[in-house]
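Today I opened my notebook to look up charged side chains and how they pair. Come along and read the entries with me.

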Amino acid sequence: MDFLKSTLTSALTSSRPPFPYTFLTTPPPVSIPSSSATTLWRVHAGTTHATGAACSIFTFDVTPATAAKLPLVRNAVRRWRTLRHPGVVGVLASVETESYIYVATERVTPLGAKLAAGRMGTETVKWGLWAVAVTLKFINDSAASIHGAVRADAVFVGESGEWKLAGFEVLSAVREDDVFIYRYGGLMPDANLYAPPEVAKGGWEVLKSNPLHAADAWGFGVLVYEAFNGAFRTGDSLSIPKKVPAPMAAAYKRLVSANPKTRLAVAHFLEQGQRARGFFDIPLIHIAQFVDNMGVKEQSEREAFLDELERAGDQFPEDFFKMKILPELLKSVEFGGGGPKVFSAVLRIGEKLSDAEWEASIAPAVVRLFALPDRATRVFLLDNLPLLIPHLSKKVVNDRIFPDMLSGFADVAPIVREQTLKAVLTVVPKLSDRTINGDLLKALAKTQSDEQPGIRTNTTICLGKIAKYLGPNTRQKVLVAAFTRSLRDPFVHARLAALQALAATAEVFDERDCAAKVVPAISPALVDPEKAVRAQALKSLDVYLARIAALTAAYPETATGSENMAPGAFPTGGAGATGGAGAAGAAAAGDGWAGWAISSFTKKIAVAGDMQRAASPITRAVSAPASEPVQPTMERPAAAARATTSMASSFLPASAADDEDEDLEGWGDLDDGTNGDGFGGGGNDSGAEHYFDAPASAVGMMPALTPKKRETVELEASTGKVSSFGPKPFSLRPPKKTEPDFEAMVAGRRKVVAPVKKAVGGAKKTVGKTVPKTVAKAPAVVKKEEKKVETKVEDDEDDGDAWGEAWDG
């Protein structure tokens with residue numbers, strides 16, 4: 001039995017025509033007309049099966065009690081489906097069976113419910129009446145038809161807040177042979193209350209002898225009264241305007257005139273209202289007229305529209321902004337060249353939307369706008385990114401927005417690069433760790449080498465502010481490398497930004513990085529030519545010294561000899577020896593337990609220094625007489641030459657820079673313009689002075705000459721003293737440059753060997769003996785031996801290598 005029942009139910013269900021819409025239980029359905037005991041339609045909320053979009057469903061149940069009204073409903077459906085106008089409620093689908101009639105339309109709400117809520121202002125009501133008047137003008141003039149049932153129950157409010165016309169139960173074309181309204185007009189609910197006076201007296205057929213617009217003009221007057229005053233009980237009460245606005249009152253009285261011949265047509269009522277300073281001459285109506293044709297308007301007209309929209313924004317219902325103006329503005333921005341000003345209006349409207357509405361309506365347009373190549377649009381988007389990011393999901397930012405933003409870092413226009421850089425601070429909270437430590441850092445590595453000093457400075461500031469978002473390992477490597485590079489920037493504000501960023505990010509470095517990398521990098525800034533840089537360098541240095549002190553506070557007093565002592569035991573000097581002055585104080589006193597180690601280490605240093613001086617023949621060649629002690633110079637010539645240059649030539653220890661170069665791509669070439677020696681201008685750069693023309697492996701390194709030593713060299717050259725290079729004398733002459741050319745000296749010594757032996761009669765000469773002046777003056781003999789000198793240079797090359805190695809050792 002149950003099987004038979006289910007089979008019959010399925011058969012009956014399958015026989016119904018398809019209706020791909022779902023009825024919703026909330027909000028509850030509304031009866032139309034709402035003020036009458038006789039109901040024609042019930043309006044339900046619904047959704048479409050395909051997309052889930054909201055819609056409204058008008059239903060009429062065919063029963064014996066409602067069978068008499070069936071011709072009205074069928075006429076309404078037929079006219080509804082064929083009448084197309086923006087002011088008419090749009091029909092999506094309809095279905096008719098023996099038991100019911102369904103009509104699916106766009107989502108609408110009966111006007112009566114909106115008026116009962118009392119939330120409509122006067123300007124909004126005028127805008128709605130204007131929209132209905134435009135639709136009635138089309139029906140009367142263009143369609144040559146009579147609506148016949150204009151009232152509040154025939155008007156509905158769309159999702160955009162616009163008033164739209166329906167209620168086509170008696171709509172008739174007067175050119176037809178059988179005009180429907182003449183026969184069935186009396187079947188309308190409350191027909192006697194809403195009928196014009198002439199119809200109430202002589203029936204609906206009297207409309208044949210009256211103007212076509214007479215019935216709808218009366219009905220529109222009724223709608224004006226209900227919109228401002230509410231429902232009415234008798235037709236006589238319509239003659240008193242009550243709350244109808246004064247500018248509209250005169251025209252309203254002509255609408256409800258008892259004489260149909262003198263009754264004002266709706267088209268004339270609309271014309272009077274749209275005149276200058278008329279009752280329809282309001283910003284809301286101007287905007288509604290303009291927004292439909294925004295795509296074909298000129299730029300000046302668009303700007304005027306936007307100004308008026310800003311002034312009248314509070315007068316419009318929010319639904320109108322969401323559903324009507326916002327889509328048109330987005331179309332204008334994307335396809336009509338609306339530009340940044342139009343998009344600013346979009347953002348103002350977006351403030352009134354929920355997150356779901358914003359993501360559904362504006363977010364797709366924002367993604368498409370970021371993909372556009374227009375620079376003005378990109379800059380405006382970047383400027384307003386703080387307003388956009390809160391409404392965008394992390395997935396959209398990572399997958400759709402940021403990949404397009406990356407192109408801005410390499411744009412040829414500096415303004416685009418700078419705005420993209422500033423926008424990083426806004427977008428970084430929505431980026432994934434992989435994107436931050438990968439694509440973002442690569443882009444910032446490029447902008448730190450930008451030709452614009454402001455962009456380089458902002459890159460340093462940006463890195464300091466996003467440090468907390470970087471990975472722990474990446475953070476230390478990148479920040480030290482990046483800030484060190486900025487400390488050598490010739491732009492003073494870039495150096496200041498680097499020092500401030502270092503002070504702000506001190507907590508991310510451990511004590512070893514602080515002492516070995518950061519403090520040495522800050523130190524050159526202490527002698528910066530700019531006072532502001534020097535002052536900030538002192539502050540930043542104090543921060544790191546304090547951090548080092550805090551991190552090393554738990555360190556033991558000393559680690560020397562601790563492996564040979566029992567836990568808790570004290571050295572010979574007692575606890576105070578290490579607790580008071582520490583290991584350094586004990587070593588200085590000489591009686592501490594570690595005194596022998598410090599003194600031994602000192603002796604080793606002294607011995608090493610002596611060995612270096614003894615193995616350096618160059619020092620003897622340029623020094624005072626042998627009786628005077630010779631002091632070795634430890635200053636690097638190239639570094640000394642750069643001591644007075646700008647901060648761009650300051651150096652970071654090579655080990656610190658090289659470590660970062662090997663770890664992270666893009667942050668490597670920190671010593672721009674150098675050969676990678678880590679001195680920021682050292683190596684073999686063109687700015688350093690070359691003290692030797694021969695290779696370092698053959699000649700060695702020459703210490704800097706003091707003025708006193710230079711005078712000694714010139715004196716020895718003029719007197720012809722014997723050099724300490726060997727037993728053979730040679731003559732030194734003052735070079736044109738500030739430093740002596742030792743390669744020429746060695747060549748000169750070789751050239752004068754044979755002439756000297758011939759002049760002194762073969763006698764042996766010892767080191768330190770003076771060479772006669774006549775020997776030094778033998779230029780002719782030296783020139784003749786020129787070819788033989790070349791062969792001797794190769795023979796003596798080993799001696800030169802040994803000399804250079806001795807200096808280097």
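Predicted model: local features only at pLDDT ≥ 70, side-chain atom pairs only at ≥ 80, totals over all residues.

**Entry 1, the count.** I began with the total: the structure holds 16 salt bridges. I then picked out some pairs to look up.

Where do E328 and K331 lie? I located both in helix α13, which covers residues 318–335. They sit 3 residues apart there, about one turn of the helix.

Next I looked up the salt bridge between the side chains of D450 and R417, with 2.8 Å from N to O. I placed D450 in the loop between α21 (433–447) and α22 (453–465), and R417 in helix α20 (residues 414–427), so this pair ties together parts that are 33 residues apart in sequence. Are these residues buried or exposed? I noted D450 as buried, and R417 as buried too.

**Entry 4, D513 and K517.** My last pair joins the side chains of D513 and K517 in a salt bridge, 3.7 Å from N to O. I saw that both belong to helix α25 (residues 511–522), and because they are 4 residues apart, about one helical turn separates them. I marked D513 and K517 both as buried.

How values were computed. Residues numbered from 1 in each chain as written. Heavy atoms only, no water. Helix = DSSP H or I, 4+ residues; strand = E, 2+ residues; numbered from the N terminus. Buried < 20%, exposed > 50% of the residue type's maximum accessible area, 1.4 Å probe, protein only.
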